[in-house]
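Visitor: Hi, I'm new to this one. Could you walk me through it?

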Amino acid sequence: MTSSRRTFALCILAGLCLAAAQAPLGIWPMVLVGLGLSVWILTKAQTPRRAAWSGWSIGASYFAASLTWIIEPFLVDVAATGWMAPFALALMASGLALFWAAPFWSAARLGRPASILALWPLAEYARSTVFTGFPWGLQAYAWIDTPLAQIAAWSGPHGLGALTLALVALPILWGARKGTVLALTGLIALALLGTVRLGQAPETAQDAPIIRLTQPNAPQHQKWDRAYAPTFFNRQIEASRATPKPDLIVWPETSLPDWLNDAEDTLSHITRAAGGVPVLIGAQRYEGMRAFNSLALLQGDGTIGHIYDKHHLVPFGEYLPFGALLTRLGMGTLTEAVGGFDAGAGPELINLGALGTALPLICYEAVFPHQMQSPERRPRFLLHVTNDAWFGTWSGPYQHLVQARFRAIEQGLPLLRSANTGVTAAIDAHGRVLQSIALGTSGYIDTPLPARAPETLYSRSGDIPTLIALLFLFAVTLLPYATRKD
């Protein structure tokens, strides 16, 4: 095997190791192996071009393996869109891999392999924010079932990912003996710090309000089928009718079978079943020619209270980027075929009376750590309604759940999650799943509202400290280079 082929094989292996660290496998030691192998490959790259190719290959392997759920929406109607599935995965993986090629090329071009410790996390931040952002599959998520996940309360996922990369790279960049000792010391220290935070978790009050989370289990290909929709609706009616009554009932994303504007009889049916208990319902609504993916509060008397409209829509799923331009170019039929929702005004709180306030997150919105800060006061809890039937039954729903758990850790807030097909869950302020309904089953859970943790550093400052630290680290790695140039 030639040297280039051997390097390419190692790049694929590194990407697969990083993918194995993510849900559903969740083999967290693989994130150490994958990152370590990636840094080692960079140090052996002889030219910036080869370094860029290596970074791209690692990224393409990682994203292709971890984002297999991308093909699932195209398989809902196989006859019409099934042929697009492999192209969608290939384009997604190869496009996202460019964010990894850039820091590898830059580090090699500068002749400073250590600069990858700043450049790679900065590239991941760019992936999470530019072109509306796609922060799915950040390396920090590998730590979700370990104490190290708690570090996100201070650093957020980007900071935790950068720390992980730095500790893994120490033995490679600074010598095996000293670097290994420092890396192990750092990992142990972070684990101990996380363990201390877990030990400070507040207990749920005995008189905490009870919230019912429902899961109708409607497969996407049957969800809007008139032959099946009544079955899924009746499952939620029965869940809402069950006694003893909770203080609040939550239905998942787009669970109302009618447009909210035209659902008077349906809403009356829900009100009677709930027996005076308020119900938060995922619904579609319209204003003139504009449509919204919304969460509506159906009050105990049957009137609609607060309505929240999803503000961060899924590109190519809920709207077509540059749709207005495409329409002017005569491609209006294409813009009509993809999505059709308008974005809401932005994050806002729902006042639930004695239960306090909730920050609503509809599906995709839960994957953006930098968008959890409400412009109003701190909420009592996070509320996530989602339709994960789009994600299939293998990796997508579990990766989505992991990201929701990280939002709870980062904000120090409990997160209650109602999912159409699963996983519905009650998550405490430290990201631990207290109760859940398994993927692909129907039912409901009544959960006492978990207590809030103290306000976290990340909830106050967001990613600013991490970005400043990374820029400083990058400048430090360039000092020898600048001296040499002089």
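Guide: Here is a short chat about helices, a sheet and a salt bridge. This is a predicted model, where local features need pLDDT of at least 70 and side-chain atom pairs count only at pLDDT 80 or more, while totals for chains, interfaces and linings use all residues. Residues are numbered from 1 along each chain as its sequence is written, and side-chain values use heavy atoms, leaving out hydrogens and water.

Visitor: Okay, how do H5 and H6 cross?

Guide: The axes of helix H5 (residues 85-110) and helix H6 (residues 116-129) cross at roughly 155 degrees and come within 9 Å. That makes H5 roughly antiparallel to H6 (angles over 145 degrees count as that). Helices here are DSSP runs of H or I with at least four residues, and strands are runs of E with at least two, numbered from the N terminus. Axes are lines fitted to C-alpha atoms, for helices over the stretch in contact, with angles from 0 to 180 degrees between N-to-C directions.

Visitor: Which residues make the contact there?

Guide: On H5 they include Phe99, Trp100 and Phe104, and on H6 they include Leu119 and Trp120. Contact means heavy atoms within 4.5 Å. By class, the contact of H5 with H6 has eleven nonpolar, one polar and two charged residues. Asp, Glu, Lys and Arg count as charged; Ala, Val, Leu, Ile, Met, Phe, Trp, Tyr, Cys and Pro as nonpolar; the others, Gly among them, as polar.

Visitor: Switching topic, what's the strand order in the open sheet?

Guide: Its six strands run S6-S7-S8-S9-S10-S11, with mixed pairing. Strands S6 (350-351) and S11 (433-437) are at the edges with a single partner strand each, so one side of each has no neighbour in the sheet. Two strands pair if DSSP finds at least two bridges between them.

Visitor: And how many bridges join S8 to S9?

Guide: Five, between S8 (residues 381-386) and S9 (residues 415-419), which run parallel. In one of these strands, S9, Ser418 is the bridge partner of Val385.

Visitor: Which strands does H14 lie across?

Guide: Helix H14 (residues 396-411) lies across S8, S9, S10 (424-427) and S11, at about 160 degrees to S9.

Visitor: What does Arg405 meet in a salt bridge?

Guide: The side chain of Asp145, at 3.0 Å, N to O. Arg405 is in H14 and Asp145 is in the loop between H6 and helix H7 (152-173), 260 residues apart. A salt bridge is a side-chain nitrogen of Lys or Arg within 4 Å of a carboxyl oxygen of Asp or Glu, and the count comes to ten.

Note on methods. Angles under 35 degrees count as roughly parallel, over 145 as roughly antiparallel, 65 to 115 as roughly perpendicular and the rest as oblique.
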